[in-house]
Amino acid sequence: MPDRLAGEVSNSIYNFGAGPAMLPTAVMQRAREEFLDWHGTGLSVMELGHRTPEFIAIAEQAEANLREILSIPDNFAILFLQGGATSQFSMVPLNLTAPGDRVDALYTGLWSGKAIKEAGRYCSVNVAASSENNHFTAIPDTSGWQLSANARYLYFTDNETVHGVEFQQTPKSGEVPLVSDMTSNLLTRPIDFSAYGLIFAGAQKNLGPAGLTLVIVREDLLGNSRQDIPRLYDYAFNAKEHSMANTPPTYSWYMAGLVLQWIKQEGGIPVMEQRAIARSSKLYQLIDASEFFSNPIATGSRSRMNIPFLLRDETLNNTFLKEAKSHGLVALAGHRSVGGMRASLYNAMPEAGVDCLAGFMADFERRYG
Ligand SMILES: *Cc1c(COP(=O)(O)O)cnc(C)c1O
């Protein structure tokens with residue numbers, strides 16, 4: 001087996017895990033080069049104080065690159081927090097609603113379901129549309145959405161990581177700001193910020209290692225948090241403190257900065273988007289042409305990031321996973337709630353990884369199909 005530590009990193013092991021997910025090889029190599037001595041300081045980034053000029057430069061560069069890559073307007077604050085995407089299931093309603101307020105939400109899979117349940121502890125949640133009845137295999141058609149007249153925001157999960165459904169267009173919410181969980185598809189296509197009030201993402205799918213949670217929030221929405229919440233959960237306080245109210249996840253922030261630099265060097269969002277389409281199309285084509293593999297998601301709702309698929313003969317699941325692993329194709333088991341397989345194809349996955357998986361799947365079908 002090729003040795004990652006010896007630098008033989010490029011196309012040896014392909015990690016299809018949903019998260020924490022693979023990171024670009026170039027980023028990992030750069031981090032290794034800088035690990036013991038960041039830019040001649042004699043210190044690792046891990047050992048730098050978060051208020052030192054050195055770390056502040058790292059932090060500001062990451063924010064500037066993110067703003068540039070996604071064309072984030074000046075009236076949005078960018079927060080680098082902890083707590084994971086799940087922390088935002090509570091922080092969003094605690095900061096953007098008052099008790100008794102109403103919000104609209106689209107229930108399209110496991111992650112929106114969790115967010116809806118948590119928000120319901122703090123405000124009134126109107127599930128404007130749900131695909132639960134068809135097992136989350138399609139985004140509900142816009143014509144059936146029951147939006148409220150007085151909602152504070154419309155909440156949705158842009159890409160459902162477990163079920164493999166992704167919004168193909170920005171949902172239309174009228175005047176109401178959109179709030180979106182983009183944990184698993186941020187940085188894979190352009191975003192029209194004029195429709196959004198807030199976007200959040202846990203870093204470990206497409207941005208960097210676990211531990212960092214990104215919140216991009218329109219500044220006029222700040223300052224309305226509930227009075228009784230811990231200050232550390234107040235967006236306005238974190239914005240005022242430049243995400244340094246306490247020690248931020250410095251190393252994850254640094255790694256995210258390297259990923260953002262990499263995206264910029266590769267050609268930015270247009271290139272990430274084009275690659276995401278190329279990778280996922282290749283796999284969907286193989287699955288659709290096969291009698292042995294299947295994907296249950298409606299063609300107009302399919303995720304470019306997470307592709308769940310089933311083997312016709314489920315008793316072969318373990319054989320499939322074992323053989324895949326021996327080919328360097330790892331972490332293909334589906335989420336425990338849906339079973340089967342799942343291939344996660346984030347920005348760091350090279351097309352060669354998909355080619356390798358497709359070749360293995362075609363061969364597996366020939367031998368067992
Ligand atoms: C992984 C994931 C989460 C949960 O992230 P944590 O950082 O573990 O809380 C939430 N939403 C989506 C869409 C995800 O993919």
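The following is a conversation about the fold of a predicted model and several of its residues.

Student: What kind of model is this, and how many helices and strands are in the chain?

Tutor: It is a predicted model. The chain contains 9 helices and 14 strands.

Student: What does the radius of gyration say about the chain?

Tutor: The radius of gyration is 21 Å, close to the 21 Å that the globule rule gives for 369 residues, so the chain is as compact as a globular protein of that length. Along the principal axes, the C-alpha atoms fill a box of roughly 65 × 60 × 30 Å.

Student: What percentage of the residues count as buried?

Tutor: Of the 369 residues, 56% count as buried. The accessible surface of the chain is about 16,200 Å², and carbon and sulfur atoms account for 51% of that surface.

Student: How far apart in sequence are the residues that make contacts?

Tutor: Taking contacts between residues at least 6 apart in sequence, 66% join residues at least 24 apart.

Student: And the charges: how far apart are their mean positions?

Tutor: The chain has 30 positive and 38 negative charges, and their mean positions are 4 Å apart.

Student: Let us turn to single residues. Where is Thr188 found?

Tutor: Thr188 is in the loop that runs between strand S8 (178–181) and strand S9 (196–202).

Student: Is Thr188 buried or exposed there?

Tutor: Thr188 counts as buried, because its relative accessibility is 0%.

Student: Which residues is Thr188 in contact with?

Tutor: Setting aside neighbours within four places in sequence, Thr188 is in contact with Asn206, Ile269, Met272, Glu273, Arg304, Met305 and Asn347.

Student: Changing topic, what is the place of Ser87?

Tutor: Ser87 lies in helix H3, which spans residues 84–96. With a relative accessibility of 17%, Ser87 counts as buried.

Student: Which residues does Ser87 touch?

Tutor: Not counting residues up to four places away in sequence, Ser87 touches Gln82 and Thr213. Ser87 and Thr213 are 126 residues apart in sequence, with their C-alpha atoms 8.7 Å apart in space. A polar atom of the Ser87 side chain also lies 2.6 Å from the backbone oxygen of Gly84.

Student: What about Thr86 in helix H3: how does it count by relative accessibility?

Tutor: Thr86 counts as partly exposed, at 47% relative accessibility. From Thr86 to Glu118 there are 32 residues in sequence, and the C-alpha to C-alpha separation is 9.3 Å.

Student: What is phi of Ser71, then?

Tutor: Phi of Ser71 is near 50 degrees, a positive value in a residue other than glycine. Ser71 sits in the loop between helix H2 (53–70) and strand S2 (76–81). At 55% relative accessibility, Ser71 counts as exposed.

Student: And phi of Phe136?

Tutor: Phe136 has a positive phi too, near 60 degrees. Its place is the loop between strand S4 (124–130) and strand S5 (154–157). Phe136 counts as buried at 10% relative accessibility, whereas Ser71 counts as exposed.

Note on methods
Residues numbered from 1 in each chain as written. Predicted model: local features only at pLDDT ≥ 70, side-chain atom pairs only at ≥ 80, totals over all residues. Heavy atoms only, no water. Helix = DSSP H or I, 4+ residues; strand = E, 2+ residues; numbered from the N terminus. Rg over C-alpha atoms; globule rule 2.2 N^0.38 Å. Buried < 20%, exposed > 50% of the residue type's maximum accessible area, 1.4 Å probe, protein only. Contact = heavy atoms within 4.5 Å. Areas by Shrake-Rupley, 256 points an atom, 1.4 Å probe, with all protein chains shown as cover. Lys, Arg positive; Asp, Glu negative; His and termini not counted. Charge placed at Lys NZ, Arg CZ, Asp CG, Glu CD. Polar contact = N/O pair within 3.5 Å; in protein donor to acceptor, adjacent residues only side chain to side chain.
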